[in-house]
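Grab a pencil and work through these exercises with the structure open beside you. Try each task before you read its solution.

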Amino acid sequence: MASMDLEKVRILVVGDSGVGKSSLVQLVCHSQPVLNPGWTIGASVEVKIHDYKEGTPSQKSYFAEFWDIGGSVDHATSRHIFYNPVHGIILVHDLTNRKSHSNLRRWLGEVLNKDHSNNGSSRHYSSGDYDPEQFAGSHIPVLVIGTKQDQLDSNRQTIKQISSIAEECGADEINLDCTQARHLAPGSTNAVKLSRFLDKVIERRYFARDAGGSTQMGPPQERRRISRQQYGVMKTTHAD
């Protein structure tokens, strides 16, 4: 197959250990579930080709890198090395675990404060580290995803409690069962929300304009094009 040179965006997938990040990334990138995922140590990278503004004259294909960040507290002081650059953030929580949702604030704070974690200190981020005003200044697109929908008690009311951080970030929400490919089937509401999020990430990365009216493209080394063939050796797990 001939090489296809595409520009890329980098999306961090973060959340507590065991919420189903690896299963989610597998479903997003390969359209099929993985029933027995392993634990992620460090970060695992998967890639999806996304058609920006599909069906319009502006349609263009991009590589979307999904960086599945291990959620173990044992690596809390070292995983900041995976947080730069970041063009989009997917916050993942377990719909049956209220604590995993409240911890999304800590995860968002950890990513936004990545520059402060690179000083060798053992600082542990708390839920108070997420500052809505700080997020507003970053303009990083966010998507909130709740997993394990199949395990919800039908009598349990969860929709209200999972909406706060999404509302603050102006983010879409998706609730799904990662063992069911139909939950992200093309044309479904969930798939449309995911596509809209990826469009936002690409829009900000390649087409956002600064106050002077020029397009913000980032440093030249971050704008390099990656071929489909090169990604054959990039989908690996990195140890902390």
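## Exercise 1: Rings that pair up

A search through the whole structure, which is a predicted model, turns up 4 aromatic pairs.

**Task.** Take the pair formed by Tyr52 and Phe207, and work out how the two rings are arranged.

**Solution.** 
- Step 1: Know what to look for. A pair of aromatic rings is described by the distance of the centres and the angle of the planes.
- Step 2: Read off the values. The centres of Tyr52 and Phe207 are 5.3 Å apart, with 10° between the planes.
- Step 3: Classify. Planes under 30 degrees apart count as stacked, so the pair of Tyr52 and Phe207, at 10°, is stacked.

**Solution.** 
- Step 1: Tyr52 has 3% relative accessibility, so it counts as buried.
- Step 2: Phe207 has 36%, so it counts as partly exposed.
- Step 3: Look around the pair. Tyr52, Tyr62, Tyr206 and Phe207 form one aromatic cluster.

## Exercise 2: Charges over rings

**Task.** Find which ring the charged end of Arg10 sits over, then do it again for Arg205.

**Solution.** 
- Step 1: For Arg10, the ring belongs to Trp67, and the charged end is 3.7 Å from the ring's centre.
- Step 2: For Arg205, the ring is that of Tyr206, with 4.8 Å to the centre.
- Step 3: Connect this with the first exercise. Tyr206 is also one of the members of the aromatic cluster.

## Exercise 3: Finding the core

**Task.** Which residues touch the most other members of the largest nonpolar core, and which helix gives the most to this core?

**Solution.** 
- Step 1: Start with the background. In soluble globular proteins, nonpolar side chains tend to be buried together.
- Step 2: The largest nonpolar core has 27 residues, and Ile11, Leu24, Phe66, Ile90, Leu194 and Phe197 touch the most other members.
- Step 3: See where the core comes from. At least two residues each are supplied by β2 (8-14), α1 (21-30), β4 (60-69), β5 (88-94), β6 (142-147) and α6 (189-207).
- Step 4: Name the top contributor. That's α6, with 6 residues.
- Step 5: Zoom in on one member. Leaving out residues up to four places away in sequence, Phe66 touches a list of residues that includes Ile11, Val13, Val25, Val28, Ile90 and Leu198.

## Exercise 4: A covered helix

**Task.** How many residues of α1 are buried, and what do they pack against?

**Solution.** 
- Step 1: Count. In α1, 8 of its 10 residues are buried, which leaves the helix mostly covered.
- Step 2: List them. The buried ones are Lys21, Ser23, Leu24, Val25, Gln26, Leu27, Val28 and Cys29.
- Step 3: Find their partners. These buried residues pack against β2, β3 (43-52), β4, β5, β6 and α6.
- Step 4: Check what comes next. α1 is followed by Ser31, whose phi is positive, near 55°.

**Solution.** 
- Step 1: Lys21 counts as buried because its relative accessibility is 6%.
- Step 2: Its side chain reaches the backbone oxygen of Gly15 at 3.0 Å.
- Step 3: Not counting residues up to four places away in sequence, the residues that Lys21 touches include Val13, Gly15, Asp16 and Asp68.
- Step 4: Compare with Ser23, also in α1. Ser23 is buried because its relative accessible area is 11%, and beyond its neighbours within four places in sequence it is in contact with Val34, Pro37 and Cys178.

## Exercise 5: Looking for disulfides

**Task.** How many disulfides does a search of the whole structure find?

**Solution.** 
- Step 1: Recall the idea. A disulfide is a covalent bond between the sulfur atoms of two cysteines.
- Step 2: Search. The whole structure gives 0 disulfides.

Note on methods: Residues are numbered from 1 along each chain as its sequence is written. This is a predicted model: local features need pLDDT of at least 70, side-chain atom pairs count only at pLDDT 80 or more; totals for chains, interfaces and linings use all residues. Side-chain values use heavy atoms; hydrogens and water are left out. A nonpolar core is a set of buried Ala, Val, Leu, Ile, Met, Phe, Trp, Tyr and Cys residues joined through side-chain atoms within 4.5 Å. Buried means under 20% relative accessible area, exposed over 50%, partly exposed in between (1.4 Å probe, protein chains only). Helices (H or I, at least four residues) and strands (E, at least two) are DSSP runs, numbered from the N terminus. Contact means heavy atoms within 4.5 Å. A polar contact is a pair of N or O atoms within 3.5 Å; within protein, one must be able to donate a hydrogen and the other to accept it, and residues adjacent in sequence count only if both atoms are side-chain atoms. A disulfide is a pair of cysteine sulfur atoms within 2.5 Å. Rings of Phe, Tyr and Trp (its six-membered ring) pair if their centres lie within 6.5 Å; planes under 30 degrees apart count as stacked, over 60 as edge-to-face and the rest as tilted. A charge sits over a ring if NZ of Lys or CZ of Arg is within 6 Å of the ring centre and within 35 degrees of the ring normal.
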